[in-house]
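Let's take a friendly walk through this structure together. Have a look at the model below, and then we will start with a question.

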Amino acid sequence: MVKEALQFLAHLRRISRFPSPFTCNKLLHSLINSGCGHLSAKLLIHLLSKGYTPHPSSFNSIISFFCRSGNVKFAEQIFISMSRFGCSPDIVSYNSLLDGYCSSCQIQKACFLVNRVRGCELNRPDLVMFNILFKGFAKVYMKNEAFMYLGLMWKYYLPSIVTYGTFVDMFCKMGDMEMGNRMFLDMMKVGIVPNLIVFSSLIDGYCKAGSLDVAFEYFERMKECSVRPNEFTYSTLIDGCSKRGMLARADSLFEKMLSASILPNCTVFSSLIDGYCKAGSLDVAFEYFERMKEYSVRPNEFTYSRLIDGCSKHGMLARADSLFENMLSASILPNCRVYNTLIDGYCKAGSLDVALEYFERMKEFSVQPDEFTYSRLIDGCSKRGMLAKADSLFEKMLSASILPNCRVFSSLIDGYCKAGSLDVALEYFERMKECSVRPDEFTYSRLIDGCSKRGMLAKADSLFENMLSASILPNCKVFSSLIDGYCKAGNLDVAFEYFEKMKECSVRPNEFTYSRLIDGCSKRGMLARADSLFEKMLSASILPNCTVYTSIIDGHFKKGNVDDAIKYINQMFDQDIKLDLTAYTVIISGFHRVGRFDKSMEAAEYVAKKGLLPDRIILTAIMDVHFKAGNIKEALNAYKILLAKGFEADVATLSALMDGLSKHGYLQKARRYFVKEKANEILYTVFIDALCKEGNLDEAEKMIKEMSEAGFVPDKFVYTSLIAELCKQGNLLKAFMVKKRMVQEHIEPDLLTYSSLISGLAEKGLMIEAKQVFDDMLNKGITPDFVAYDILIRGYHNQGNGAAISGLHDEMRKRGITVED
């Protein structure tokens, strides 16, 4: 068609004739419809330069073309130039330019143009003009202005189906379904039958508003009005049903769609796939994915994204990987959300290596990680103890100008608290302020728990007060951590103060809270209070677990209250509570301690008959009891029986055996049972502790080196054993060097570490230095116990420093520690 048009124009040029207005307009239209709009404009400009006066419709074609192309400014210039060439704009000219203004959201210019036509004698606004203007208002949701011009339109015309359709669509997109429904009812009153656009707009609006019932009412009314639903109508309803979990109805609509010979598009399939993935029905989701091939529908980014998300959430990571590769093969570039889904799935599965591989692959496709990406990786690394990597990711996050949120900081704080590096955890807590990030309940909970576990109770108290000042209500975990910390420090009074505060904050104690208080009371011999707490626990419908029973039974045995101990033992069996190794040990050793050897063995045989735990564990418990009672021969005999029954000694058994032999001076014999291939942190720690207590420090240090080479990290117990013996031997310089090494390796010294150093200095008469170490311990937030004070008091006593002793006595009283006369 283009060729014929150009040949005809060339012919006219040869004979020096202008085309007729009709012919000119036809040629321009042909060029525009053939995609040669710019050529048609050049042709018109050429004709105008030769003095040709075209019909307004020729100008209108060019104006309309440039408006549709987005070049409204050039269209405006052509419109203005019309009068210069003896051609006045008609109503179509105005409507063409108006459509350009409205499409490009130049609403002020659109209103000015309509007002200009209203004041023009030659032209007046037609219904098309008003409808174009209403579409412009609808595009930018200017409902008040739309109603104002609707009032003006009534002076000239009644609203048409297009007018009502525009208003209905505008209100539905704005979420004002009441007004959308009102416009629908108004058009029905005046006898205008709603068309497909009106129904589809209302159905879409009600689906997005979550009112599926009303959406289906309009779907049924379409039949009454003989309006046939199209692809968009079905797509909207299927998406609405899928989002609300109404999957059976979504399936039914899909089948109706096929019955009506309407082919489903990618949006329809993706909605169904998304719905079934969220419902956990991955099989059905994949069935729809396969059906896409039957209808030659190409999956898009969203389709793959939903399937990968569903697979990742349900642990089907191999399938998620396969979908990711299919996505790449189909030349669909995965976005950040796809990567985040895979990274999240692998982090939850504990496969940090694969998660980090996907993180690296993001760079290959120039996909920028977002806050969620870094948050999941940092959380995953922190949970796995990969703290150096977590730190590195945190710094990368800052370098990418992505501000870390509370979850990122809390993950790092949690990781360092679990690793015992409170200093680093508190550094991140301080950095939260620098980044204007407000700590939440979890942040405080982790720090308070970390400080409480490390004996840094003053710091834990301070964090608790900060939490209240920030109007963050402490939860049961926070209170339980503080109670546990103070119980372990022997300060029951403060522990019970926090227990009372729980009531003030309307926080209900849980099993762990009662467990720690009962254990604390039982260890201090406060058995009447422990019994009372046990009863309160039952009254609160909280069933005591094995740990609670074990604590209270152990307390009663140690006090000689055999009948009470037996009462609780019987309750345990009546409640069918599964006993652990500690419980067996307490029961057996308890009877052994009070001379009831028959009951001790009877208890062991009873649990063996019940088959509650393997014989190996029971025999290990019996062996451990004999060791604690000093019956070495009987302990070794229990070990022989264990082997005779065909049980292989595991780490727990070997630990108990070596610990028992070492503590009774049989170190060489214990050494024979040390199996390097079976050794873990516990076995190494037990053996190193025994070597230190024997004074064999060279051998202990060799064993520490061997432990590190085997891939185990020496903990605070290992270092503290070494420091204690170094101090005992008077090698204080080396003891402090070991303490320095601990800190460098982010292992915080505890109360026993500091007490050993203070004792070593006091033995040497270096009381100034001893007091400095004591004060350093206080500054670290570690609460001293009676032993720590007693070491200092004995040192000052040797120097005759009564004033210093008196000052320490005052401190002890303030802390609730009993002062001996």
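How many nonpolar, polar and charged residues are in the lining of the largest cavity? There are four nonpolar, no polar and two charged residues, where Ala, Val, Leu, Ile, Met, Phe, Trp, Tyr, Cys and Pro count as nonpolar, Asp, Glu, Lys and Arg as charged, and the others, Gly among them, as polar. This is a predicted model, in which local features need pLDDT of at least 70, side-chain atom pairs count only at pLDDT 80 or more, and totals for chains, interfaces and linings use all residues. Residues are numbered from 1 along each chain as its sequence is written, and side-chain values use heavy atoms, without hydrogens and water.

The lining residues of the largest cavity are Met456, Glu748, Pro749, Tyr754, Lys780 and Ile782. A cavity here is a set of points on a 1 Å grid over the protein atoms alone where a 1.4 Å probe fits but cannot get out, and its lining residues have an atom within 4 Å of a point.

Now to the domains. An automatic or database assignment gives domain 1 (158-241) and domain 2 (265-347). Their C-alpha centres are 32 Å apart. Four residues from domain 1 and five residues from domain 2 make the contact, meaning heavy atoms within 4.5 Å.

Between them, domain 1 and domain 2 bury about 410 Å², with 61% of it on carbon and sulfur atoms; buried area is the accessible area (1.4 Å probe) that two parts lose on being put together, summed over both. On the domain 1 side, Glu231, Ser235 and Ile238 lose the most area to domain 2, together 83% of what that side buries.

Terms used. On a 1 Å grid over the protein atoms alone, a cavity is a set of points where a 1.4 Å probe fits but cannot get out, and a pocket is an open set with protein on both sides within 12 Å along at least five of seven lines; lining residues have an atom within 4 Å of a point.
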